[in-house]
Amino acid sequence: MIFIGLGANLGNREKCICDALLALEAHPDISLENYSSFYETEPVGKTDQPDFINAVAEIKTTVNPLELLKICLDIEAKLGRVRAERWGPRVIDIDLLLYNQVETRITDLIELPHPRMSQRRFVLTPLVEIAASAMVGNETASELLARCPDSSKVKIYIERKQVKACLKGAQR
């Protein structure tokens, strides 16, 4: 089970998330298996910025984690991501959350599972929606969400069935 987190708080946030999902699906080595509703979330860490739209997607792929990270960074760049400030506003952010049961630090850019996901309600809420029993270390995503220290607001912005319609419409 491979899960990717997506977020955007600049421009047309929902379109950016849809475009990122479609770009993942269009890659010859990636299959988009499932995705969550889109959630509107308060910024965490650097709070003086617009609210985010966040989602989680489950994919299948034949590429290793480092190659997958490169694909995600390429999609971010094609969608206009400029890395100006850590945790700052962004058009799109694509993070590797879980890659099967791999637990490793490959480079300074990639650590699996994502090192801060257990502290982020905006990641755990959409993950639990599509994979409540996904194992993150020795705990399920549901267990992590139940004890998550993050109290920021996370609310459904676009329900999954509407996301599906949006993605189908965008593919035409």
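Modeller: Leu98, Asn100, Gln101, Val102, Glu103, Pro113, Met135, Val136 and Gly137 line the largest cavity. A cavity here is a set of points, on a 1 Å grid over the protein atoms alone, where a 1.4 Å probe fits but cannot get out; lining residues have an atom within 4 Å of a point. This is a predicted model, in which local features need pLDDT of at least 70 and side-chain atom pairs pLDDT 80 or more, while totals for chains, interfaces and linings use all residues. Residues are numbered from 1 along each chain as its sequence is written, and side-chain values use heavy atoms, without hydrogens and water.

The volume of the largest cavity is about 30 Å³. Volume means the space filled by probe spheres set on the points, with grid points joined across faces, edges and corners. Searching the whole structure gives one cavity of 30 Å³ or more. Its lining splits into five nonpolar, three polar and one charged residue. Nonpolar covers Ala, Val, Leu, Ile, Met, Phe, Trp, Tyr, Cys and Pro; charged covers Asp, Glu, Lys and Arg; the others, Gly among them, are polar.

Take Gly137 from that lining. Gly137 sits in the loop between strand 8 (135-136) and strand 9 (139-140). Strands are DSSP runs of E, at least two residues; helices are runs of H or I, at least four; both are numbered from the N terminus. Gly137 is partly exposed because its relative accessibility is 26%. The cut-offs are under 20% for buried and over 50% for exposed, with partly exposed in between (1.4 Å probe, protein chains only). Leaving out residues up to four places away in sequence, Gly137 touches Glu103 and Pro113. Contact means heavy atoms within 4.5 Å. Both partners also line the cavity. Phe122 is 15 residues from Gly137 in sequence, and their C-alpha atoms are 19 Å apart.

Ser36 lies between strand 2 (30-35) and strand 3 (38-41). Ser36 has a relative accessible area of 0%, so it counts as buried. Beyond neighbours within four places in sequence, its contacts are Ala55, Val56, Pro126, Glu129, Ile130, Arg160 and Val163.

Last, the cysteines of helix 1. Cys16 and Cys18 are among its buried residues. Their relative accessibilities are 12% for Cys16 and 3% for Cys18. The disulfide count is zero, with a disulfide taken as a pair of cysteine sulfur atoms within 2.5 Å. The cysteine sulfur closest to that of Cys16 is in Cys18, 9.6 Å away, so it is too far for a bond.

Technical notes: 1 Å grid on protein atoms, 1.4 Å probe; cavity = no way out; pocket = protein on both sides within 12 Å on 5 of 7 lines; lining within 4 Å.
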